[in-house]
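User: Hi, I'm new to this one and would like to go through it step by step. Could you show it to me?

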Amino acid sequence: MAAIYTAPLTRFPRGLKIHGLNLNIECNAELSKRAGDARPTNRRPGTITSSTSRKMLEQNTVCQAATEVRSELDPDPNADLRQGIADFYDASSEVWEEIWGEHMHHGFYDVSAQDVSLCDHRAAQMRMIEETLSFAAVPGEDESKRPKSIVDVGCGIGGSSRYLATKYGATVKGITLSPLQAARANALTAAASLSNKVEFQVADALNQPFPDGQFDLVWSMESGEHMPDKEKFMKELVRVAAPGGFIIIVTWCHRDLLPGEVSLKPSEQELLDKICKAYYLPAWCSPSDYVKLAQASSLQDIKTADWSDNVAPFWPAVIRSAFSWRAIAGVLRSGWKTLKGAFAMTLMVKGYKQGLIKFAVITARKPA
Ligand code: SAH
């Protein structure tokens, strides 16, 4: 599930704040200079506000200069993105949980499903987990072959983690960027008397706080779309997997390119750009891109499927639920970021309808 994107190109990375106002002034001046405007500025750190700057922003010069300044001064160009994702989930998780419960991902439906109720949607979210496990052929019957240790990468408030821990009797570690989610996930886990098996912490999927070869099952349910570096993401998933372990990614992709195509059509890219601006998402990739990354990591049993038709009833249902009084109150309470995301949902529906957005599952095994 995606988070809202709040125009990070107009803000400097957080790291700069450590150096204080002077550095920010210097950076703004540097930006202006590069963009052909020598006036120094003393604006609020990290914000480009003058009409000149705004005009320049419209041209690519400032964006380019900002990127250059950013990479010169900030060793981690993804810091802003990570913070934005954390802020979004801190703000919106409560209202989501109130309406949709502990699973923050699509439901899986029969392709012919129509007129389904909110109860059906919640059941469909759990079905998504079951369909995914069975697609990956994770053993459930034979106790000796069940996964015993699991990592839930991008765990939300831990719905999948608790489900998997209970199903397999496994220990589960969940990571999320959102401190509020990690705290809520731990609280829900304590309430379910699972704290001896399941625990959550704030950590980055691209730099996981786990030793190599630790987990029999590496689970990423709708977090891959947030990852700015898919190659690093895949490498981390593979690194923490135990030999013979399962790696499961369920994620939003754009369609595979057709033979002879080198990029998406401009109108398609435009729609994705709008979604990226509305949500906290970096560049998208296709299911084939994930398969190539899995192959490059020498994974085995690589499988992928397009479940776009199976999730089709989901977004319309979310949109409908967003217009209930309870949801409107919750969305307003949780602020502008959540509100913006609620409006952007129609873009997702459009993307699915056009065949541009794909809901993909990619599973594989690390060689034993
Ligand atoms: N898998 C959960 C939540 C999906 S929402 C579920 O199905 O219920 C996306 C989650 O990905 C959020 O918890 C967000 O914090 C997490 N996420 C996004 N980027 C991340 C990163 N770089 N490292 C760790 N978690 C990340």
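User: Which pocket does the ligand take up?
Analyst: Keeping in mind that this is a predicted model, the ligand takes up the space of the second largest pocket.

User: And how many residues surround the ligand, and which are the closest?
Analyst: The ligand is surrounded by 20 residues, and the closest are Met104, Gly154, Gln181, Ala205 and Met221.

User: How does that shell divide into nonpolar, polar and charged?
Analyst: Among the residues of the shell around the ligand, ten are nonpolar and eight are polar, while two are charged.

User: What is 2.8 Å from a polar backbone atom of Met104?
Analyst: That is an oxygen atom of the ligand. An oxygen atom of the ligand also lies 3.2 Å from a backbone N or O atom of Leu177, and on the side-chain part of the picture, a nitrogen atom of the ligand is 2.9 Å from a polar side-chain atom of Asp204.

User: So how much of the ligand does the protein bury?
Analyst: Taken alone, the ligand exposes 570 Å², and the protein buries 99% of that area.

User: Changing topic, how many salt bridges does the structure hold?
Analyst: There are 15 salt bridges in the structure. One of them joins the side chains of Asp76 and Arg82, with a distance of 2.6 Å from N to O, and another is formed by the side chains of Arg184 and Glu97, at 2.7 Å from N to O.

User: Back to Asp76, why does it count as partly exposed?
Analyst: Asp76 counts as partly exposed because its relative accessibility is 25%, and partly exposed is the range between buried, under 20%, and exposed, over 50%.

User: What about Arg82, its partner in that salt bridge?
Analyst: Arg82 likewise counts as partly exposed, at 25% relative accessibility.

Conventions:
Residues are numbered from 1 along each chain as its sequence is written. This is a predicted model: local features need pLDDT of at least 70, side-chain atom pairs count only at pLDDT 80 or more; totals for chains, interfaces and linings use all residues. Side-chain values use heavy atoms; hydrogens and water are left out. A residue is near a molecule or strand if one of its heavy atoms lies within 4 Å of it. A polar contact is a pair of N or O atoms within 3.5 Å; within protein, one must be able to donate a hydrogen and the other to accept it, and residues adjacent in sequence count only if both atoms are side-chain atoms. Accessible areas come from the Shrake-Rupley method with a 1.4 Å probe; for residues, only the protein chains shown count as cover. On a 1 Å grid over the protein atoms alone, a cavity is a set of points where a 1.4 Å probe fits but cannot get out, and a pocket is an open set with protein on both sides within 12 Å along at least five of seven lines; lining residues have an atom within 4 Å of a point. A molecule sits in a cavity or pocket if more than half of its atoms lie within 2 Å of its grid points. Ala, Val, Leu, Ile, Met, Phe, Trp, Tyr, Cys and Pro count as nonpolar, Asp, Glu, Lys and Arg as charged, and the others, Gly among them, as polar. A salt bridge is a side-chain nitrogen of Lys or Arg within 4 Å of a carboxyl oxygen of Asp or Glu. Buried means under 20% relative accessible area, exposed over 50%, partly exposed in between (1.4 Å probe, protein chains only).
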